[in-house]
Amino acid sequence: MAAEVFTEEQEALVLKSWTVMKKDAANLGLKLFLRIFEIAPSATQLFSFLRDSDVPLDKNPKLKPHAMSVFVMTCESAVQLRKAGKVTVRETTLKRLGATHSKYGVVNEHFEVTRFALLDTIKEAVPEMWCPEMKAAWGEAYDQLVAAIKQEMKKPIPSP
């Protein structure tokens with residue numbers, strides 16, 4: 001993982017925006033997922049708790065906590081990237097993410113849609129800070145997290 005490409009300036013931009021967004025992480029996480037499902041409606045099929053639910057997405061009781069944890073983990077990972085020199089999601093979490101994403105058939109397109117939706121959500125959350133450099137910083141941080149998840153997805157799942 002070449003985290004040295006994540007510069008001090010990028011780290012500062014990510015940190016500055018995350019400090020603002022943190023306060024509203026639950027709503028922003030939900031916005032992120034609603035944006036994903038708007039772009040790729042079939043993605044709802046990847047979530048067992050959405051598959052057979054007739055509750056509107058924004059009212060689904062399991063979506064908001066899930067969305068918030070994904071959003072917070074993504075942002076915290078971005079904030080730590082330069083300091084740690086690598087993605088800092090705990091190895092057990094990373095293994096679980098890899099296994100889960102494999103099991104549910106997550107493919108590159110899903111990661112692409114999520115990247116687009118994430119950048120969109122952040123841009124909307126901090127419009128006065130948003131600039132090409134910030135977009136590049138968040139994009140880089142997300143790409144490195146996805147690369148780490150994909151690494152895990154390639155590994156065979158150990159049998160019990």
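In this predicted model, the largest nonpolar core has 45 residues, and those with the most contacts inside it are W18, M21, F33, I36, F37, F71 and W138. A nonpolar core is here a set of buried Ala, Val, Leu, Ile, Met, Phe, Trp, Tyr and Cys residues joined through side-chain atoms within 4.5 Å, where buried means under 20% relative accessible area with a 1.4 Å probe, protein chains only. Two or more residues are given to this core by each of helix 1 (8-21), helix 2, helix 4 (63-84), helix 6 and helix 7 (132-154), and the largest share, nine residues, comes from helix 7. M21 touches L28, F71, C75, I122, A125, V126 and W138, leaving aside residues up to four places away in sequence; contact means heavy atoms within 4.5 Å.

The protein chain as a whole has seven helices and zero strands, these being DSSP runs (helices H or I, at least four residues; strands E, at least two) numbered from the N terminus. Buried residues make up 40% of its 160 residues, and among contacts between residues at least 6 apart in sequence, 76% join residues at least 24 apart.

Two packed helices are described by the angle between their axes and the distance between the axes. Axes are lines fitted to C-alpha atoms, for helices over the stretch in contact, and angles run from 0 to 180 degrees between N-to-C directions.

| Helix pair | Axes come within | Crossing angle |
|---|---|---|
| Helix 2 (25-39) and helix 6 (108-125) | 9 Å | roughly 135° |
| Helix 6 and helix 7 | 10 Å | roughly 150° |

Helix 6 is therefore roughly antiparallel to helix 7, whereas helix 2 and helix 6 are oblique to each other; angles under 35 degrees count as roughly parallel, over 145 as roughly antiparallel, 65 to 115 as roughly perpendicular and the rest as oblique. The contact between helix 6 and helix 7 involves, among others, F111, L118 and I122 of helix 6 and W138, Y142 and V146 of helix 7, and its residues divide into nine nonpolar, three polar and five charged. In these classes Ala, Val, Leu, Ile, Met, Phe, Trp, Tyr, Cys and Pro count as nonpolar, Asp, Glu, Lys and Arg as charged, and the others, Gly among them, as polar.

Residues are numbered from 1 along each chain as its sequence is written. Local features need pLDDT of at least 70 and side-chain atom pairs count only at pLDDT 80 or more, while totals for chains, interfaces and linings use all residues, and side-chain values use heavy atoms, with hydrogens and water left out.

How values were computed: Buried < 20%, exposed > 50% of the residue type's maximum accessible area, 1.4 Å probe, protein only.
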